[in-house]
Amino acid sequence: MDWKFDTIAIHGGFESDEKGASLPPIYQSTSFIFRDPDHAARVFNLEEEGFIYTRINNPTVDVLEKRVALLEGGVGAVATSSGMAAIAMTMLSLLREGDEVVAATTLYGGTVTLFKITLSRLGINFKFVDPDDPENFKRAITEKTRAVYLETVGNPKLNIPDFEEIVKIAHSVPVPVILDNTVATPYLFRPFDWGVDIAVYSLTKYISGHATSIGGLIVDSGNFPWEEGGFTQFTTPDPGYHGIVFTEKFGKAAFIERTRLQILRDIGGCMSPFNAFLILLGLETLSLRMDRHSSNALKVAEFLESHPAVKEVNYPGLKSSRYYDLARKYLPRGQSGLVGFELKGGYEAGKEFIRRVKLLKHLANIGDARSLVIHPASTTHQQLSREERLKAGVSDGFIRLSVGIEDPDDIIADIEQALKGL
Ligand SMILES: *Cc1c(COP(=O)(O)O)cnc(C)c1O
């Protein structure tokens with residue numbers, strides 16, 4: 001069936017079960033009964049698809065994986081216990097000691113420490129380059145480079161890389177491009193349409209949308225030529241799975257199948273069926289919410305730009321943004337719900353703004369239906385030196401908003417009263 005986005009978001013990957021359920025039930029069961037010994041042997045030998053144990057696959061989680069893979073136009077997906085688990089398992093599936101990764105400097109903080117501290121200790125080397133100039137990726141790639149890593153909308157800088165140019169550079173080697181598409185979601189940006197090879201998500205944010213569950217997901221485009229890229233774990237007999245060759249057995253789905261059968265099996269960062277159920281509910285309304293997040297954020301950004309207490313506003317949908325043209329090219333439906341702004345009053349004004357807001361919730365998350373606010377200099381970026389903070393786009397008076405889907409007049413009124421006299 002050739003359904004469009006909103007139909008897949010509600011029906012993709014599920015028709016009914018044997019009891020006639022109209023939406024995917026929660027299969028809160030660790031393991032699944034085999035019909036007979038031959039059936040068990042066939043499932044274990046990958047001759048027949050079937051559920052064995054929820055660490056590897058589960059019927060509720062399976063619907064979520066199929067649904068997002070359909071929304072993305074990918075060959076398969078693996079759901080994980082968190083966004084960080086999705087990123088870590090992707091890297092562990094692709095890389096080994098001695099490999100290099102070229103990554104943008106503007107990544108999510110948790111990803112930066114995963115790369116710089118945890119994976120670097122395993123002998124994987126990371127080079128961070130300014131993503132504003134695609135040539136920086138070309139200069140950093142060597143014969144040891146095995147991945148290029150980007151985010152659709154960097155947080156808190158809200159920068160947008162030029163995907164087409166960066167993908168062209170990576171594929172000329174070829175090196176696979178991995179993209180964290182958490183802030184845009186597949187509704188605002190379809191990574192594989194622009195040549196990205198693997199997309200990773202924190203489902204905790206907009207896809208779940210209601211801040212109920214931590215979850216992550218890896219999606220495979222099926223397009224990367226693993227033989228040419230020198231990824232022998234996919235193209236030669238694998239001792240971890242009785243000598244199968246993943247590209248022979250699974251063709252285009254070699255990466256995602258090995259990520260499930262080896263990495264998810266061995267590392268164990270699987271998603272709980274209950275979280276998959278809640279995230280599937282959120283996913284049903286993704287397009288409605290992203291339209292509203294985007295239009296509310298643009299209204300808030302325009303209001304802030306006209307306010308005398310505000311020095312500068314970051315929002316890629318504003319004409320004044322240096323990323324406006326890239327936003328029009330890559331995110332024409334809307335630019336999601338994150339807005340950054342700098343208060344003229346600096347550090348103390350930033351903290352005072354947080355004290356005064358009433359509707360906006362003060363917490364360290366994004367992508368909730370509720371509007372959220374944080375002062376990064378005194379919280380998320382407190383551990384960095386002032387110089388490092390400024391490089392990350394966090395000045396003393398910088399405020400980050402995750403604009404929710406409430407009435408925009410109420411959001412703006414709350415911001416307005418908090419700005420008075422600052
Ligand atoms: C939150 C976030 C993550 C990490 O996801 P968790 O679900 O919290 O583990 C990764 N990338 C981005 C862009 C995020 O916003």
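Met84 sits in helix H4; helices (H or I, at least four residues) and strands (E, at least two) are DSSP runs, numbered from the N terminus. The model is predicted: local features need pLDDT of at least 70, side-chain atom pairs count only at pLDDT 80 or more, and totals for chains, interfaces and linings use all residues. Residues are numbered from 1 along each chain as its sequence is written, and side-chain values use heavy atoms, leaving out hydrogens and water.

**Domains**

- The protein is divided into domain 1 (5-282) and domain 2 (288-419); these bounds come from an automatic or database domain assignment.
- The domain centres, taken over C-alpha atoms, are 29 Å apart.
- Contact here means heavy atoms within 4.5 Å. By that rule, 28 residues of domain 1 are in contact with 37 residues of domain 2.

**The sheet**

- Seven strands form an open sheet, in the order E1-E7-E6-E5-E4-E2-E3, with mixed pairing.
- The edge strands are E1 (76-80) and E3 (125-129), and each pairs on one side only.
- Two strands pair if DSSP finds at least two bridges between them.
- Neighbouring strands of the sheet are turned by 20 degrees against each other on average, direction ignored.
- E1 and strand E7 (residues 216-220) run antiparallel, joined by five bridges.
- Gly76 has Asp220 in E7 as its bridge partner.

**Helices on the strands**

- Helix H4 (residues 83-94) packs on the sheet and touches E1, E2 (100-104), E3, E4, E5 (177-180), E6 (198-202) and E7.
- The direction of H4 makes about 155 degrees with that of E6. Axes are lines fitted to C-alpha atoms, for helices over the stretch in contact, and angles run from 0 to 180 degrees between N-to-C directions.
- Helix H5 (residues 109-119) lies across E2, E3 and E4, at about 145 degrees to E3.

**Met84**

- Met84 is partly exposed, because its relative accessible area is 29%. Buried means under 20%, exposed over 50%, and partly exposed in between (1.4 Å probe, protein chains only).
- Not counting residues up to four places away in sequence, Met84 touches Tyr108, Gly110, Thr111 and Leu114.
- Met84 and Ala41 are 43 residues apart in sequence and 34 Å apart in space, C-alpha to C-alpha.

**Arg146**

- Arg146 lies in strand E4 (residues 145-151).
- Arg146 is buried yet has no salt bridge (a side-chain nitrogen of Lys or Arg within 4 Å of a carboxyl oxygen of Asp or Glu).
- The nearest side chain of opposite charge to Arg146 is Asp99, 4.3 Å away. Lys and Arg count as positive and Asp and Glu as negative; His and the chain ends are not counted.
- Beyond its neighbours within four places in sequence, Arg146 has contacts including Leu95, Glu100, Val175 and Phe231.
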